[in-house]
Amino acid sequence: MPPESPERDPVTSQSLSGLLLISALLLVLTLGWALYDEFYGLRPWKDYQRDFVVRYTAFLRRQKPKQEAAERAIKASPEYQALQQQVDALQKSVEPELRKLDEQSALIDQRLAAITGKYTDAHARVTYMIWEVEHNSGSSKRSWQADLDKFKKGPFRFEAVSLEDGRVRTESVDYDRLESEFKSLQAKKGELLVRKGELLRPVSELKAKLDAYFKEHMTGLTAAQIQGLIDKTQAMDIAIKQINNPDAGIVDRCESCHLGIREPIEITARDMGGRRVFVSHPDPELLKIHDPEKFGCTPCHNGNGMQVDSVKQAHGEYEHWLTPLYHKADPRAKSAGAYMEAGCQQCHTNDMVLAHAPVLTAGKDLFQWRGCVGCHRYQNYDPEPEELTAAQQKLQQLAQQRAEDVANIAKATQAGDNAPDNETARQFYAQANEYRLAVTNIDLQTDQLNTRIKFLQMDRKKVGPDLKEVRAKLRPEWIPVWLKNPHAFRPTTRMPRFRLDEDELPAVAAFIWQSALDVKLPSQPMGDPVKGKASFESRGCQACHAIGEGANAVGGWFGANLTRIGEKVDYDYLVRWIHNPRERSAPYCPFEKRDLTPADYQKHGLPYVFDLDHSKCPNDGHELVVEQMTVMPNLRLSWQESRDIAAYLMTLKQKDPASYPPAPYLNDPQLKAKGEEIVRRYGCAGCHEIAGFEDEGRIGTELTTEGSKPLEQLDFALYIGQAKREGWWSHRGFFEHKLARPEMFDDGMVKAEGEELKMPNFFEPQNGDLTKKWGLQDLPPESREQIAQLTTFLLGSVSSQYPARYFDLPEDQRKDIQDGWWIVKKYNCMGCHQFTLDQDSVLMTLPQYQTPDGKGQLPPRLVTEGARVNPEWLARFLANPALSEKDTDRDGVRSYLKLRMPTFYFSPIEVRKLVRFFQAMSQQPMPYIPQKLEPLTSREIAMARALFTSKGAPCLKCHAVGLPAHDQYATAPNFLLAADRLKPDWVKHWILDPAMIDPGTAMPSGLFRQEGGRWVFNGPTPPVFQGYEGDHADLLMRYLFELTPAEQQQLIRMTGAGMNATAAKAQLRPAVRGRAAGR
Amino acid sequence: MKIPRALWVAGMAVTLLLAGCSKKQETAEETSAVPSEQPAGGTPVDPATAGEITGKVTFNGPKPKLAVLHMDQDPVCVQKHSSPVYAEDGEVNGNGTVPNAFVYVKEGADKYTFPAPTEAVTLDQNGCLYKPHVLGIMVGQTLHIISSDPTTHNIHPLPKNNPEWNQSQAPGAPPIDKKFARPEVMIPVKCNQHPWMRAYIGVVKNPLYAVTGEDGTFTIKGVPPGDYTVEAWTATWGTQDQKVAVSPKGTATADFTFKPGAGT
């Protein structure tokens, strides 16, 4: 047996060194990796920051020489040199005096230095001793007084220079002398300083001028400033850059990578070698209004502000992050800023106009114009129906309360009658009186509410026309053609296509036809289409209406395109509509819920008259609907001109209306019930007035916060998978697809009849096959742009998480501006007027207003309207632009324009908002208290008259005076309006230089020139001006505000020769014409 | 956890390889090319080789009837004329030639430098008419506006590309000097107080322009040899252009014939 070797001990015999080595190595590697990750892998922003420092420094170094050259160029310019020389010369001229002052000052300082110590010690001691004298009595008081007197005698010795000869001497004085010397030295020193300041003031003023010149001409940063930036960049810490506003929940680290955003120099991607991440903010103005320290980045841009691990995460572009970054659209697209502007909406819901967000602003307009608001509630849009309902409810409550109070009067009175004693009786009677007062208060409140209801009724508008009128207005055969596809008849119409099938369409048409009012309008004689065309093109119709399709369209987009109006409409109805679009065929009583008939009025012995002055129901006294709910205004045209325009419009057609197939089923009573059901299902009453549907609510979902609805709640139906694959599983993707082809989310779904999606088609492929499924890319570019605008608006429609102070909810004049824009947009005021210089009106773009004469026919610019007009006058003008009750076929201010301000029948609510809007736009305080002007002396009146009637003064050549022979040449308003209409300050600015207010105005500049601090007439002045020291512009302005009709007559008489010659020559004209023809 | 476990092991191995070499990641961002800058300056014109362009502007069609200008709203204007005054736009001479057409070298002269002349172009207001009715001026050249009328005028150009202004000039008031910074053919000028008054100013980059005279002819002098596009402008019938070649010291001809209807 072999010797048993002991079992080998694994502990001693086996080596783990290999394993340990490997483990150790792995550990070292892990450490290495961890360290690498710490420095390189996990902190991508560190790379960005190092890269930025390199690129930005290089960029700044490239910029520096350019800026230096620019600086040199400015400093070498003759103007700068001249200023510099002036500075040098002036400095030189004051130098001797300055040196003298400095010497004196130095001497005083020396002397003061010698005295000050001595004086302060002595002064402290004296003060202390006086205190002791005051607080002791008897002998110690006397003893302190003696000490004080002794101390004051001094002597106080010091060595100091003498101000007279500058030599140093030892002086010895008593305390009083010491004190007076100290104080006089101080006073002298102060005086010297003042003198020095005065001496140097012209120098420093000139230097400031030099600096100002430099700043004015230097664009961009100076070399020194750039060097400062370079130093700052070089010294930059590699660290997370963070904006932290915990109370608003904003922690934004975006600037850890976007390092150039707030730099004071414009940085483009090209400057940074193509690195877009480092560009500066493209709109520094926006950052000025929204301080990044307060707002951070994500409230506007979305994304995940805290994340710095990767670009994707920081931008919030991963699953379940609810607010991914808003993107720009394709930079080549017209709406390049799209989507990104969505970020503005959450704080700017009340703003209809955002200067920095044109895409969002367009989206806001479209939401109203396209009629989205007919089906979808959205805060602030179309508020009148809701306010009306609220007012009606309040009325009912008040009526109830009133009945109770009336009963309580009786009860309390009875209790008083039966009271056991007089005291109790008096208490009950007092109670009865309280109830009486309460009833009166309710009655007053009811009156107010009724007025408010009337006003709201005036302001309430519908997107589409009143369908109660179709029997009077339309050719019956046209209705089914229209319903089948409105875009086929009128490509730009806002009426969408409802996907009505073969059965539904006749039923809807039949219901609409049969539910309409059966009225017969008076037959109108035919007008003159040639005159009508001229009127159409000169009265301003084209501010809203275009004729011609596609590229040939001439006119505005706001109202219906009239290219084929002659195919659909009844002439008699059209005449009435043009004469006054607000006229209804019958009033509607919201209380009785029916349209009234002449019989209702007859019953009460009343004439069948209903308008804004006769708006109470004869049966029950409730406010009636007496106007059409259209925004189209009344142009106050004569019947004849209305007929001419209608006659012209009737000629506009592409095919003979007789070629439309007949539609006898319109009168089939069996179709009516089915039609009614479909009309209700599709919510037609959202946009149209329809008999029996007056109280119908909106059928769509509210969209005020649709952008923050969880994605899972948006009905992607069977498209979820595809949307995720194709990258449109997002709010934006949903909105875009839904707008492009709403019914796509019915694709593949099994739905019962009538359960399909109801949203109609607003956008369609051009000449496309509507049975095919189309996508966003198949739509024409204009449609895609509108979809981008609407999508931007909806994306931004979120319920905000930020505190209210972040919102744009001003309570000062800015609120008036916000409120006003809603009205301006509602009535398309911008079709005719410019409110800001960068916005062209529709009329300005039309061919007839391009010629020199045409430009003079444009309506006034309203850029300084608030500063120009008296708000009370403006309110009157807005309510009645003819400024006359009887003579309405005219414009109250600019009778010389063919265009005229139409009557919009604004309610006082809207008038007030508009007036406040204009005042706020021009920063004018409300209420307006007219300034008191100094009355003219009799000499001044004589002067003004002489100037006005002199040949040199051109005023009366252009301004109307009320004489037809003269006013046919007038191109400016009558001065008689001035006192009532204008504000004196504005008038003064206007006559001095109108181009500063209204560039391109017919009113010339240079009527006055400055002379010795006052303005004098820039032309020959009549002799009576000799020796007048006052301001001529001021004199004329005051004269205008004192002008009376009698005074104007006087002017006309005095001008005599000129005006009479005009009248006389006017008679001669035919003769001259006759001769001209011979040439 | 940031990195899935499976990657850990692989990652460790890779770490060694990576140690020391730091990887720069360039995100996918487009680098836009720097456009090359246009060389400034140009060739001066050599007067020794310069030629000229000459021609005639005619109208082929029934002579338009000219409107009489009614000046009766201002007696001063009426007094200045003893016979009726006719509108100047649309005027055609007996032989069919057109005065007051503006002819200028539209293209082809950009390579030359033409400093703006120091002498001014004068526009007079006389008899409530602008004299001349059509004028050319170079960018940066002074327009000197005077008035010979004892009434107040205002000079109101209505440009599209230049700033608009409107300046009053009373009788005896000093002349007004203005310049136009940008080329523009044509800038209409009106007087708001005498609405019939109309002038047209052609602001051009070079002095190669002319206005047809009473005989409807024009001559543009000092044209360096080369190929040009010449445009003729009329107030009534719009513009026409044609190409011409000017040889050294040569005379090129460019005749223009306008027809009715082709207005702007």
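Predicted model: local features only at pLDDT ≥ 70, side-chain atom pairs only at ≥ 80, totals over all residues.
## Residue V842 of chain A

V842(A) is located in a loop of chain A, the one that runs between helix α29 (813-826) and helix α30 (852-855).

Apart from neighbours within four places in sequence, the residues in contact with V842(A) are A543(A), G556(A) and G831(A). A further distance concerns N828(A), which is 14 residues from V842(A) along the chain. The C-alpha atoms of N828(A) and V842(A) are 9.8 Å apart.

## A three-stranded sheet in chain A

Chain A contains an open sheet of three strands, arranged in the order β8-β7-β9, with antiparallel pairing. Strands β8 (594-595) and β9 (625-627) stand at the edges; each has a single partner strand, so one side of each is left without a neighbour in the sheet.

Strand β7 of chain A comprises residues 583-589, and two bridges join it to β9(A) in the antiparallel sense. Within these strands, E583(A) is positioned opposite E627(A), a residue of β9(A).

## Chain B as a whole

The secondary structure of chain B includes two helices and 19 strands. The chain has 264 residues, of which 37% are buried.

The contacts of chain B can also be described by separation in sequence. Of those between residues at least 6 apart in sequence, 66% join residues that are at least 24 apart.

Notes: Residues numbered from 1 in each chain as written. Chains lettered and ligands numbered in written order. Helix = DSSP H or I, 4+ residues; strand = E, 2+ residues; numbered from the N terminus. Contact = placed C-beta atoms within 7 Å. Buried ≥ 20, exposed ≤ 12 C-beta atoms within 10 Å, placed from the backbone. Pairing = 2+ DSSP bridges.
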